[in-house]
Amino acid sequence: MKRMYSLIVLPVILCLLLVGFAMPAHAHAAAKGQTSMLSAVATPAPTAGNSDDSGKSWIIPDFIYDLMDKVNEMIQSFKDLMSGKLIKDAIEGLTIMLVDDALAPLYGAFEQSYLFTPQIAEIDVVYMGWSYFMIAGLALLFIGILWLVFRIIHGKQPMGALIKVFLACFAATYLSLTLLNFANVGVNWMAQNSFEGIIGTSGISFQGLEGQQILKALIVGKDGITEASYAAMTLGELTSQTSGGIFTLLGYVLLVVFPLYLVAIFKVLILILMAIFVPMWIAYAAFTGKMETLLGYGNLYLRTILVGLICGLHWAIFVKMQTNYGEGKGFCAAIGIPPVIFAMITTVMLIIFFYFFWLKPMFRAAKSPITLNGSQVLDTLGGWGERSSAAMDNIGKRMGSEGMQKRALSMKESSKRMRESAERMKDKRSVAVNRMASGLTKGMSEAWQGVTYEAPTEWLTTSGTVDAAVMSELELGEPEIIASGMQVYSTLKDEGFSSVSLVEVSPDQRKKLSGQLKSLKPEYQKEVKWNEATGELLLTGETMDLVQQLESLGYSLPAGQEGMYRDGAFVDLASQQIKTVHPSERTEKAIQAVHDSLPMFTKLPLAEAQATAAYHALQQREDEWSWAKRIRMEQGVLWVPEEAAEEAAEVLEEMLVTMNKKVRCNFPRHSQFADDMLESWRREGQHTSLLSVLELSKDQSHVYVPEDQLKEFSAAYDDYRQERTPYWTAKDSTVYVIRDGVPVSYGQPPLSGLDMGSFEKLQQDMLYAKQAAKRKAG
């Protein structure tokens with residue numbers, strides 16, 4: 001019976017399975033919780049007793065449905081396996097998991113030190129280490145100050161720059177960590193404001209961003225730091241969903257995340273070391289006088305914090321580009337390339353730049369941990385200064401700026417001195433020791449070492465030229481009438497002027513003539529105008545023949561000037577000049593009437609050749625100035641209308657500009673005799689033409705000489721100095737002159753001497769020269 005039951009049940013189950021496999025595949029989705037495969041089969045409407053709420057047939061047991069779901073899952077998995085999708089998803093999932101696990105330890109560095117420079121004063125280990133070295137540095141400086149005070153009290157050391165250096169270093173040591181922290185805070189403030197301006201956000205503290213947010217923002221733009229929807233996704237998942245998928249993820253990690261992580265870590269380590277040891281570097285600079293140490297320190301610290309600022313700006317720029325790309329704007333959207341690709345390329349370029357700008361100088365400083373390669377920094381600054389001065393001089397010449405050219409030449413000389421100082425830094429300690437030994441032995445140590453003193457080998461050197469624009473100022477005379485005598489006569493006659501004769505009486509006859517004129521008949525006295533102070537006798541009407549009568553009485557009078565007269569104003573018909581005989585308010589009106597009624601022109605004071613050239617130049621530009629059509633050229637003299645005289649003068653002054661080249665001549669270094677030389681020339685009345693054009697600097701280090709007078713100046717300069725004895729003055733007022741390579745005490749400055757400045761500076765130069773020669777020979 002049981003066997004019979006099995007034979008009936010097994011065929012039924014097989015039929016049901018075949019029916020299940022024959023159902024459409026779209027009616028069931030395995031592993032997704034969707035509708036069963038049997039839901040695609042047409043079934044009657046559910047009623048009580050023959051179906052449930054899920055739409056399953058009451059005929060088929062539930063375990064059959066579960067079995068069919070498992071079978072569908074197996075079939076789908078087999079399809080995925082055969083198509084490669086299963087393998088691809090597995091590889092991507094494994095890669096994303098590994099990348100996320102690898103990046104997790106890096107996020108803290110990005111969060112703390114990538115966008116901003118950490119405030120090192122708040123790091124316990126930094127503050128503790130700095131405190132120890134600060135106490136040691138202050139103790140050393142205190143001992144040094146006590147030693148200086150002892151020497152000053154006993155008169156063995158002058159109160160000068162050295163004690164000031166110690167005091168300055170004392171304060172700098174105590175405040176060094178605070179000053180470094182202020183620098184960091186200032187850079188961070190600049191970074192915060194720059195990020196807000198570039199990305200276009202406000203109210204966001206970028207210092208509070210997490211490491212993942214910083215890196216996600218390069219992938220999705222500012223939404224990565226403002227939208228909460230991205231917080232649940234890991235950096236690997238987010239990057240893999242961009243165009244390029246897993247390859248973009250790997251490139252982003254290898255070319256962006258890891259290199260910038262190393263930069264951030266290296267930056268922090270360097271800042272920590274520099275903050276801890278800064279007191280010892282300051283103390284070393286105070287004791288040795290090697291300012292190159294502080295210069296090298298400042299150079300490295302500045303480069304380090306700038307590296308952090310540059311990294312932050314690079315990040316902000318590409319976050320902005322990614323934001324625009326997501327909105328379909330900007331350069332990347334126009335060419336269809338995601339900004340993350342450019343971020344990878346520019347990060348590589350940034351690392352290369354950091355190598356030359358930051359890492360290479362750091363390695364050089366590490367080779368000289370005491371001086372931090374400060375001399376090379378000074379030499380580099382000097383080289384940049386020379387190139388900058390050349391560029392400034394070029395710009396000054398193009399713009400015609402004499403002041404800019406002079407500043408460029410001064411910068412050139414300063415840069416040259418800077419490079420010389422950089423070379424001397426190599427021997428500074430040896431020279432300091434030799435100077436101290438010379439002071440203790442009264443110069444015997446120098447004699448033992450064979451230090452030879454020499455006067456300057458070059459007494460005058462040139463370092464460049466200045467092109468100065470020289471504008472000739474035209475002095476305008478009084479306006480004159482340019483018209484024929486008949487035109488003047490008829491015009492002024494209509495204006496109420498009368499024909500007169502003007503006689504100028506010599507001073508020896510004026511008093512006698514005054515008495516003689518008093519005897520004239522009353523009707524004639526009205527027609528005679530006499531001014532005893534100026535000797536001007538004006539005759540009108542019937543009195544014009546009075547000159548002949550006066551000559552018969554013994555007066556010697558010149559011929560009268562025939563002209564027109566009204567209210568004290570006289571116009572000479574021959575010379576056409578206007579004179580004021582009796583000044584008054586009415587006279588001014590009469591003169592104005594002459595100006596209004598007659599053509600008035602002003603003569604420009606130009607040589608005939610210049611006047612001719614100016615006349616033709618102005619005629620060619622008549623369209624620019626209306627008055628240019630009315631200018632006149634008569635007998636080599638250029639006349640312009642009175643009302644346009646000032647404008648015409650300004651135009652011609654610009655046309656007559658000439659370029660005067662001046663040469664900068666440098667006197668021997670530290671010398672102070674240039675002012676005395678010029679004063680001697682003034683006192684003796686020599687070289688007056690030179691004195692009127694020479695421009696001596698305030699420190700007497702150089703003078704500007706017109707190029708065409710350079711030979712004259714050189715000859716006069718040589719004549720002056722060859723007759724005089726060079727001398728140097730020490731701090732204790734001892735005067736030295738050089739005899740056979742040895743400084744000899746001279747007592748008082750020579751009467752005919754050249755003040756060459758400080759003896760200590762000369763001594764320093766000679767010791768440097770000796771040390772440099774020994775170093776080259778060794």
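Guide: Cys332 has a relative accessibility of 2% and therefore counts as buried, the limit being under 20%. Cys665, at 0% relative accessibility, is likewise classed as buried. The model, which is predicted, contains zero disulfides. A disulfide is a covalent bond between the sulfur atoms of two cysteines, and a pair is counted here if the sulfur atoms lie within 2.5 Å.

The setting of these residues is a protein chain of 778 residues, 40% of them buried. Its secondary structure amounts to 28 helices and 18 strands. Of the contacts in the chain with a separation of 6 or more, 69% are between residues 24 or more positions apart.

The aromatic rings come next. A pair of aromatic rings is described by the distance of the centres and the angle of the planes. The model has 25 aromatic pairs. In one of them, the ring centres of Phe206 and Trp315 are 6.1 Å apart and the planes stand at 80°, so this pair is edge-to-face. Phe206 belongs to the loop between α6 (161-200) and α7 (211-220), while Trp315 is in helix α11 (residues 291-326); the pair thus links distant parts of the chain, 109 residues apart. Both Phe206 and Trp315 are buried.

A stacked pair is formed by Tyr453 and Phe759, with 6.0 Å from centre to centre and 5° between the planes. Because Tyr453 lies in the loop between α17 (444-449) and β1 (461-470) and Phe759 in helix α28 (residues 759-777), this pair ties together parts that are 306 residues apart in sequence. Tyr453 is buried, at a relative accessible area of 3%, and Phe759 is buried as well, at 8%.

Ring pairs also join Phe133, Phe277, Trp281, Tyr297 and Tyr301 into a cluster.

The charged end of Arg303 sits over the ring of Phe357, 4.9 Å from the ring centre. The charged end of Arg632 is placed over the ring of Phe601, at 5.5 Å from the centre.

Two further residues complete the account. Val547 is part of helix α21 (residues 546-552) and counts as buried, at 13% relative accessibility. Beyond residues up to four places away in sequence, Val547 touches Val503, Leu539 and Leu557. Val547 and Leu557 are ten residues apart along the chain, and their C-alpha atoms are separated by 7.3 Å.

Asn373 is located in the loop between α13 (339-367) and α14 (374-399). With a relative accessibility of 18%, Asn373 still counts as buried, since the limit is under 20%. Apart from neighbours within four places in sequence, Asn373 is in contact with Arg364, Ala365 and Ser368.

Note on methods:
Residues numbered from 1 in each chain as written. Predicted model: local features only at pLDDT ≥ 70, side-chain atom pairs only at ≥ 80, totals over all residues. Heavy atoms only, no water. Buried < 20%, exposed > 50% of the residue type's maximum accessible area, 1.4 Å probe, protein only. Helix = DSSP H or I, 4+ residues; strand = E, 2+ residues; numbered from the N terminus. Contact = heavy atoms within 4.5 Å. Phe/Tyr/Trp six-rings, centres within 6.5 Å; stacked < 30°, edge-to-face > 60°. Lys NZ or Arg CZ within 6 Å of the ring centre and 35° of its normal.
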